[in-house]
Structure formats: structure tokens, C-alpha cells
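Here's a quick tour of what links one side chain to another in a protein model. Have a look at the structure, then read on.

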Amino acid sequence: MDDDSFDIVFVPDFSTPRAAAIFEIRSLFFLGSFLENGGRAKQFPLRLACIGEPPRSVAALAERCGANITTSTPVESSGWGFANKLRGLETPCRTSRRLLLDADVLVLGDLAELSGEADFAAAPAGKPHLPESQWRLIYEHLGLPFPSRRIASLMHELGLAIDDVIFPYDEQNAEASSMVPYYNSGVILAPAESPLAEIWSRHLRAIEQFGQNLAHPSAAAAAAHYDQVALATAFHELGERGFSFARLPDAFNCRFIHFRAGTMRLRDVNLLHATGFCRLLESRTQARALVEEFIARWQQNILAGAKKSPDMAPDAARAAELMRSLFEKFVAPVL
């Protein structure tokens with residue numbers, strides 16, 4: 001095995017009928033995109049850490065990819081299922097590192113291009129979700145020193161105004177340029193052996209219980225439902241223990257806002273974090289329509305970016321071709 005290799009761990013949730021419908025389609029797209037675009041990383045260990053038993057369609061495509069499948073029960077949490085990705089940290093790796101992935105990612109380029117010397121890597125969250133005053137209470141509750149470092153949110157880095165906010169608060173735009181370190185949990189590069197799982201799980205439970213005491217209603221909701229709040233504090237504790245941290249390159253956690261800002265070309269993306277992909281799926285029969293809806297949303301963001309960077313306009317057609325090709329090859333045959 002190459003010294004730069006890592007285990008790739010994908011965590012789909014098949015624990016309920018509705019979740020199974022959504023994650024079957026997501027898993028087929030992920031595995032299909034891995035087969036099509038994985039490059040040298042197709043030789044890396046690949047594992048599906050499934051919550052519940054995967055459907056036959058996913059198991060069959062996983063076998064084509066040479067993927068190992070494990071099954072487990074959901075993580076007990078109020079966090080809308082986000083905490084289930086902790087299951088991806090529980091089984092041994094064949095390499096010294098693991099790339100932990102949300103189940104709404106697509107492989108568009110060779111994952112083997114990801115490298116780095118730091119212990120952990122992740123990308124900034126798109127926007128802040130908690131006021132600094134509430135972060136102080138959380139850190140105090142966990143018995144951790146409050147971080148002095150600040151980072152910019154991804155939307156601020158890209159020059160975009162904060163929008164589409166689930167948990168709004170008055171200071172949000174001001175803090176977007178200098179927020180308490182807060183990261184997107186969709187793609188995490190971590191050592192195969194580290195205390196991350198134990199610390200993240202412990203913080204998650206402590207913050208869920210404490211969140212109801214937060215004075216700000218949006219902060220209380222974010223603390224109770226987002227695994228990213230506990231991830232931020234876990235990274236801080238790991239830093240206090242001497243672990244190093246690096247910024248994950250945007251190419252490995254590319255989101256629609258990169259296209260909207262005109263900063264990312266399709267050819268440069270290795271992992272697309274397709275947030276919300278097929279989230280409203282109730283049954284297989286809706287899959288084609290929701291894929292087309294996703295294509296339209298992606299194209300809308302690309303064309304918005306093309307107003308700033310005209311040479312990216314052809315990517316709108318390429319994105320549609322890519323998604324339709326994956327659908328016809330790997331999804332349509334099992335519907």
C-alpha cells in the first residue's frame with residue numbers, strides 16, 4: 001500500500017424506511033462516482049460504515065468497488081442523524097489515516113491527490129451558527145480554555161453575504177469574518193488511531209444536554225442538532241493535547257457556494273459536497289426528478305459564478321452530463 005494512502009470511510013443511514021430510500025440513491029451515486037473518477041484512490045481501502053443493513057443494490061455496487069461493509073445501530077443523539085458519522089471512526093483501518101465522508105458527497109477527481117503532514121484536516125464551516133457569547137458558555141461547561149484564534153467562514157472567504165440561515169442571530173454577518181474556529185464535518189482527514197471518536201462523542205452528549213441552558217434560542221438549537229459544534233470543541237481539545245491541524249483544500253470539500261463565487265472549475269474538484277442531495281426523497285420513483293432538481297440548482301450556481309468568471313459557463317452543461325451519466329449507469333438500472 002502506498003505510504004500516502006488512506007482508508008476512505010463513507011457513512012450511509014439505512015435505519016428507517018425513509019432514510020433507506022434517500023441513502024440508497026446517495027450511496028449509488030457515491031460508489032458510481034468513485035468507480036468513474038476515483039483514479040489511483042480506487043486502490044485505497046474503501047469502507048461503507050452502514051447504519052442498518054444496506055439494500056442489495058448498494059451491497060452489489062460496493063462489491064464492484066472492492067468496498068468492505070460494516071453495519072451498526074444509530075448513534076443515540078438528538079442531532080437529526082448527523083452524529084451517526086461517529087460510526088465511521090469505530091472500526092480499524094488498514095492504513096495510518098482515514099478520510100471520513102458524509103453520505104452526500106460525489107467523487108469528481110482522484111482522492112489520492114490529497115496529502116499533508118498535519119494530523120487532522122477539515123474545511124471551515126460555510127457560516128457561523130453560534131454567537132461568540134454562547135461559545136464561551138459551551139467551552140466553560142466543557143472545562144476547556146476558550147480559543148484565542150479566529151477563522152473566517154467559507155462564505156466570507158468567497159466574498160458572499162450570509163444567506164439561507166437556519167439558525168440566525170444578530171451578530172452573524174459581523175462574526176462571519178472572524179468566528180470561533182468552526183468546521184464543516186462533511187469531510188475530515190484524521191489519523192487512524194486518535195482520541196477523536198471518544199472526545200467528539202463525549203462533547204456531543206455534554207453539549208446536547210447543556211444546549212437547553214443557552215440563552216439564545218438559535219444557539220440552543222444549533223448546539224442540540226449540529227455535530228459540528230462538538231467537532232469544533234473536540235478539535236480544540238485535540239490541539240491542547242498536541243495534535244496538529246491543517247485547512248482541507250477546497251477541492252476536497254467543494255460546495256455550491258464555490259461555484260456561485262466563481263472560484264472553482266469543475267475540472268479542479270475532487271470531492272463535491274452535494275449538501276441536501278435527494279433530501280426530500282420519499283421513494284425510488286422520485287429519484288429522477290430530484291436528480292434533475294439538483295442539476296438545476298447546481299447549474300444556477302455555476303451560471304451565477306460565470307458572471308464573474310465567464311470561462312466557467314460551459315461547466316453548467318458538463319455538470320448536467322456528469323449527473324445524468326451517473327444516474328443512467330448506476331441508479332436507473334435498480335429503480
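Is Arg-265 buried or exposed? Arg-265 is buried, with a relative accessible area of 14%; buried means under 20% relative accessible area, exposed means over 50%, and partly exposed is in between (1.4 Å probe, protein chains only). Keep in mind that this is a predicted model, where local features need pLDDT of at least 70, side-chain atom pairs count only at pLDDT 80 or more, and totals for chains, interfaces and linings use all residues. Residues are numbered from 1 along each chain as its sequence is written, and side-chain values use heavy atoms, with hydrogens and water left out.

**Salt bridges**

- The structure holds 18 salt bridges, each being a side-chain nitrogen of Lys or Arg within 4 Å of a carboxyl oxygen of Asp or Glu.
- Back to Arg-265: its salt-bridge partner is Asp-311, and their closest N and O atoms are 2.9 Å apart.
- Arg-265 sits in the loop between α9 (256–260) and β9 (271–273), while Asp-311 sits in the loop between α10 (287–306) and α11, so this pair ties together parts that are 46 residues apart in sequence. (Helices, H or I with at least four residues, and strands, E with at least two, are DSSP runs numbered from the N terminus.)
- Another salt bridge joins the side chains of Lys-329 and Glu-36, at 2.9 Å from N to O.
- Lys-329 belongs to helix α11 (residues 315–331) and Glu-36 to helix α1 (residues 17–37), so they tie together parts that are 293 residues apart in sequence.
- Lys-329 is partly exposed, with a relative accessible area of 47%, and Glu-36 is partly exposed too, at 38%.

- Glu-237 and Arg-241 pair up through their side chains in a salt bridge of 2.7 Å, N to O.
- Glu-237 is buried, with a relative accessible area of 10%, whereas Arg-241 counts as partly exposed at 45%.

**Cysteines**

- A disulfide is a covalent bond between the sulfur atoms of two cysteines.
- How many disulfides does the structure hold? It holds zero, going by a cut-off that puts the pair of cysteine sulfur atoms within 2.5 Å.
- For Cys-65, the closest cysteine sulfur is in Cys-50, 12 Å away, and that is too far for a bond.
- Cys-278 also has its closest cysteine sulfur in Cys-50, but at 17 Å, again too far for a bond.
- Cys-65 counts as buried at 10% relative accessibility, and Cys-278 counts as buried at 4%.
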